[in-house]
Amino acid sequence: MSGPVVLVLRILLAVSLYAFLAWAFVSLWRDIKQQGALLAARKVPPISLSIARGESSPQERHFIQSEVTIGRDPACECPVDDESISARHARLSFHHNQWWLEDLDSTNGTQLNQEKLAMPTVIISEDEFKCGDTRFVISLAGDILMPPTKRIQHA
Amino acid sequence: MKRFLAQESPVQIQSRLLRLAGIFLFLYSLILTLAAAARERSWAVDYRWNHWLGFAAWVVIFTLAHLLSRRQLPDADPYILPIAALLAGWGILSIYRLIPSFGLRQTAWLLVSGMVFLLGLRLSPELRFLRRYKYLWLSGGLLITALTLVFGVDPGGGYEHAWLGCCGIYFQPSEPLKLLLIIFLAAYLADRLPLSLRPLPLLAPTAVVMGVALVLLVIQRDLGTASIFIFLYTIILFVASGKKRILLISLVGLAAAGIVGYFLFDVIRLRVDAWLNPWLDPSGRSFQIVQSLMAVANGGTSGRGPGLGSPGLVPVAISDFIFTSIAEETGLVGTLGLLALIGVFTARGIRIALRAPDNFRRILAAGLTAYIGAQSILIIGGNIRLLPLTGVTLPFVSYGGSSLLTSFLALLILLLISSQPEDEPAPLPRPQPYLMLAGLIGLGLFALAATNAWWVVWRGPDILERTDNARRSISDRYVKRGSLLDRHETPVNLTVGNPGDYLRTYQYPALAPITGYTNPTYGQSGLEASLDLYLRGLDGNPASSIWWDHIVYGQPPPGLDVRLSIDLDLQRQADELLGEHTGAIVLINATSGEILVMASHPTFDPNQLDTQAATLLQDQNSPLLDRVAQGLYPPGDAMQPFFQAAGFSGQPSQTDTEQLFTNLGFYVSPKLLLPVATATYPGGLLRVSPLQMVLAAATLSNNGVQPTPRLAMAVDTPTQGWVILPALGEPATVFPSAGATETAQALIVSGQPFWQWEATVSQGSQSFSWSLAGTVPNWQSSPLAVVVLLEENNPREAGSISQTLLEAATKP
C-alpha cells in the first residue's frame, strides 16, 4: 500500500510544481494585459497652438498626439508654410507627465519666451515660442478633451 | 475580461507563489519521509525525519523575507524571490536526501545567507556605495582569492586548494569574486558611458583586472569559474557597448584558450576527452558522466520519486551533480519544471535590467542575470553531456555555502534594482544586446531541455542495460528473486531475507558451475544469467504489472520460480561418485532430452563467492567452468559405437565421418538456456563436450533418434500457473533404428539392463577417459543415457561410475 500512497503524493508534487509555474505565467500574462490597457488608456493632455505670422490674425490648432513636429515639410503634424522655417524645425512631445519643446537643429533656431532654445525644455500654458518668423502661443487644455483639428492643407 | 484585468499587486503575487513553493517543498519532505516504506513495500520501516529541520528553516527564512520585502520594497519584482526560494528549498531537501549531515550544514548556510539577505533589504535601492567603492570591492575580492594560493585548503581532502577557513567552516572566495567582478565592471563601464570607440583606454583596465582574476583561477585549476568569468566579461562589455564584434572576438579567444588549455592542462584534456568519448573509459575518466547519464535515464519521464532513486551512485551528487540527482528522482517532469523556473528567473532579470533607472544598475542587473543563467546552463549542460563537465555549482540549488550566499546576494541586488518601478527607466538607445542576452539564455535552456529529453526517451533503455548500472543489484536487494527448483520442486537456489537485505542462497552448492550465481560484485553466471529475465520478473509477468511496479517502486515485480529437469537425488549420487576426480557427468532422458544430472568437478560454493572469488578465478583447475556444456574434449575411440551404428566397416572415409559427425550434431552447439561451448568446425580437430556426447549416446537407447536437450522445464507465472518452457529444437533421426539397436545390444553389460562403452584418449601430456552408457533398446521405463568424462587416464573408473549411476537411476 505504501507505494501507491507515495505515488499519489508524487503526482501532487508534480502538480504543485506546475501550479507554481502556471500561476507565474498567468500573472505575467495579466501583467502584460494590464500594461497594454494602461498604455491604451493613458491620456495625453491636448495642446493648442495659436499660430501667428507677422501681423496676420492668429490661427488656432489643437492636437491630441503625444508628439507634434513643426516644420515646412507637409508630413509634419503641424506643417507651416514659412520660408524661414526648416523642413523639420521643432518638436513638442509629452513624456514624464510634461509637455517638452525641443529644437531639431533648425537653420534659424527656436526661441522660447525670447530666449534661444538650447535643450529640451518643459513648457506651460501662455508660453510663447518662435520658429523663424512664426510665433506660437501655447495653451494646455488640462482635463478638457478636444477633438483634433483636421489637417489644413497638403501642399 | 474584467476579472482578468483585476491585477494582483506584486505583494499578492509574491505571497501566492511563495505559498505554492511551500506546498511543493512540504510534499517533497513528506514523500522523503515515506520513501523507505515505499521502497521496502511495508509500513514497518525506519522513517526519515531529519530533513524537516531544513524545511522548517526554509519556512522561517522565507516568511521573514516575504514580510520584510513587503515592507521595505513593496514594488519589487514579485517572481524572483519565490523562484529562488523554491530552488533553494529543492536543493536543501535533495542534499538531505543524499547526505543528511551535509543537509544540516546547508541549512546552517541557508540561515546565514537568509540573514544577510534580510539585512540587505534595508539598503538604499540606489546602491551608490557599490558604485563608489568599486576599486575597493574588486581589490578586496582579488586579494582574498590570492590568499588561497598561500592558505588555501580543500575541505574535501582533494588537491583543489580553493577554500579558506578552518575548523569545519570553509569558504570559496572565487564565488563572491564573480559578484565583485560584475559590480566593478558595471560601475567602471557606467562611468564611461557613452563608451568611446577607441578600445584601448576603455578595455585596458578591465582586461588587466580580468587577466589577474583568470591567472588566479588557472593557478587554482578552477577552470569552470574561469570560463564563467570570460563569459561574464564578454556579456557585460557587449551590453554596455552594443558591439557585436566583442562577441566574435571573445568566441575566437575562448576557442583559442580552450585549444591551448587542452594541450597545457591535464584537467582540461581529461574533461574534454571524457566529454567527446565517454563510452571509451566508463569506469575511469568518464565514470562521473556515464554514471550521471545512467541516473538521468533511470529517472525517465516521471522520475523514481524523492528518496526512491539511487542518485548517490553518482560522485559529488550534492554539488556538481545535483541536477542529475533531481533528474533521477523527479524525472523529465521535474527537470523541465526546473529549467522553466530558471527561464522565468532570467527573463525577469533582463526585464529588471531594461527598466533600471540608471546605466550602472542596468548593466549590473544584466550581469547578475547572465551569471545565474550562464552558470546554470554550464553545469546542467555538463551533467547531461551537452557541454564539457566543469566543476561549478548550480546557483541556489547545489551544496556549498559560498555559492548559496553569492546567489542570495545576486537575488538581493536584483530585488533592490527592481524596487522603484515608478521611476522612468534610463534612456536606452540600443536595446538589442539585452534582447540578444535573453535570447542566448533562452536558447541555452531550450537546448538543455531537448538534450535531457533525448537521453531519457531515445537513449534511456540502452543505457540502463549497461552492466555497470548498479541499480540492478540494488533492486535485487529489495525485490525477491525467483527460485531455481529441481524436478521435484526442491529449491536449489533460493532468495531469503526481508526487503532491503534479500540474499541469494545456494542450497546445493555442488551444482554451482551449472546453476551459477548472481552477485552484486561479480555479476551472474550459468542459469542465473540465462534465466535472469524470468527470475527477475521481467519475463512471464503481465506487462501491466511490470509497468506498475516500475512506476510505483522503480523496480521489477517479484521474480518467478523456474523448475529445472535436474533430479537432486541422482545429482547427489553423481557428485559423490565423481568425488575428487576432475571431470563431468551428464545423465539425460534419452527420449525427452531432459537433463537429470549435470555434474562438473571441481566445483565451488557460491555462498562464499565474496571471499573466494579471487582464488577461484586464478585456480588452475577452473572450478567456475561448467565442464558438461563448456568443456571440449577429443573423443578418440569413444566414437567407435557410432561408427558401428552407422554401418562403417574398416577405415571410414573423411567424407563419411564428417557426415556422421554432422548428423550427430558435433559441429553445432547444443541449443540450451545455458552457456555452451562453441562447436568445432568440420576439417579441424574434432572436440566435443560431454553434453554433445550424451546426446549422441542417447540415439543408441532411443532407436537412432537424437533428442533435444532440456534443462529449464517450466516457469511459475502469477496468471497461468506453471507454464512449460518448450525445447529449443526438434528431435532428429541419426541412425536406422536397427543399426542403433544392434550396436547397443553388442555393448550390453552382462546381467544389467544397460549398455556401456569406455575409451581413453591422450592429447599431448593430458589423458581423458570417456564412458558412454544407456538403457537397453527395449527398456520398458524411460530410456536413459549417461556420459562420464574424467580428465585422467582411468577408463575403468569412468565405466564404473556410469554403471553405478545407471543402476541407481533404473532402480524402480
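Modeller: Begin with what counts as strand pairing: two strands pair if DSSP finds at least two bridges between them. The model here is predicted. In chain B, strand S12 (residues 712–717) and S13(B) are joined by four bridges and run antiparallel. Within that pair, Ala714(B) stands opposite Ile724(B) of S13(B).

Biologist: Which strands make up the open sheet with S12 and S13 of chain B, and in what order?

Modeller: In general, the strands of a sheet pair through backbone hydrogen bonds, either parallel or antiparallel. The chain B sheet is open, has six strands in the order S5-S4-S3-S8-S12-S13, and its pairing is mixed. Strand S5 (503–506) and strand S13 (721–724) of chain B are at the edges with a single partner strand each, so each has one side without a neighbour in the sheet.

Biologist: What is the strand order of the open sheet in chain A?

Modeller: That open sheet has five strands, ordered S4-S3-S5-S6-S9 (chain A), again with a mixed pairing. Its edges are strand S4 (78–79) and strand S9 (121–122) of chain A; each has a single partner strand, so one side of each lacks a neighbour in the sheet. Inside the order, strand S3 (residues 67–71) of chain A pairs with strand S5 (residues 90–95) of chain A in the antiparallel sense, over four bridges. Thr69(A) is the residue opposite Arg91(A) in S5(A).

Biologist: To which strands is S1 of chain A joined?

Modeller: A general point on strands comes before the case: in a regular strand the side chains alternate between the two faces of the sheet. Strand S1 (residues 47–53) of chain A is joined to strand S2 (residues 59–63) of chain A by five bridges, and the two run antiparallel. Ser50(A) has Glu60(A) in S2(A) as its bridge partner. Seven bridges link S1(A) with strand S11 (residues 134–140) of chain A, also in an antiparallel run. There, Ala52(A) has Arg135(A) in S11(A) as its bridge partner.

Biologist: How many residues lie between S1(A) and S2(A) in their hairpin?

Modeller: Five residues lie between them, and Gly54(A) in the turn has a positive phi of about 60 degrees. A positive phi is also found at Glu126(A), about 75 degrees, although this residue is not a glycine. Glu126(A) sits in the loop between S9 and strand S10 (128–131) of chain A.

Biologist: Which peptide bond of chain B is cis?

Modeller: The one joining His601(B) and Pro602(B), with omega of about -5 degrees. Pro602(B) is placed in the loop between strand S10 (595–601) and helix H24 (609–618) of chain B.

Biologist: Now helices. At what angle do H15 and H17 of chain B pack?

Modeller: Two packed helices are described by the angle between their axes and the distance between the axes. For helix H15 (residues 359–383) of chain B and helix H17 (residues 432–464) of chain B, the angle is about 20 degrees and the axes are 10 Å apart. Angles under 35 degrees count as roughly parallel, and H15(B) and H17(B) are therefore roughly parallel to each other. The crossing of H15(B) past H17(B) is left-handed. Residues that meet there include Ala366(B), Ala370(B) and Gly373(B) from H15(B), and Tyr434(B), Leu437(B) and Ile441(B) from H17(B). By class, the residues of this contact are nine nonpolar, three polar and no charged.

Biologist: Are H13(B) and H17(B) roughly parallel or roughly perpendicular?

Modeller: Helix H13 (residues 287–299) of chain B packs with H17(B) at about 100 degrees, the axes being 8 Å apart. The range 65 to 115 counts as roughly perpendicular, and H13(B) and H17(B) are therefore roughly perpendicular to each other. Among the residues that meet are Leu293(B) and Met294(B) in H13(B), and Trp455(B) and Val456(B) in H17(B). This contact has eight nonpolar, four polar and one charged residues.

Biologist: How many residues of chain B are in contact with chain A?

Modeller: The count is 34 residues of chain B, in contact with 26 residues of chain A. H2(B) gives the largest share of the chain B side, 15 residues. That side divides into 25 nonpolar, five polar and four charged residues.

Key: Residues numbered from 1 in each chain as written. Chains lettered and ligands numbered in written order. Predicted model: local features only at pLDDT ≥ 70, side-chain atom pairs only at ≥ 80, totals over all residues. Axes fitted to C-alpha atoms, helices over the stretch in contact; angles between N-to-C directions. Parallel < 35°, antiparallel > 145°, perpendicular 65-115°, else oblique. Left-handed = near helix turned anticlockwise from the far one by under 90°. Contact = placed C-beta atoms within 7 Å. Nonpolar A, V, L, I, M, F, W, Y, C, P; charged D, E, K, R; others polar.
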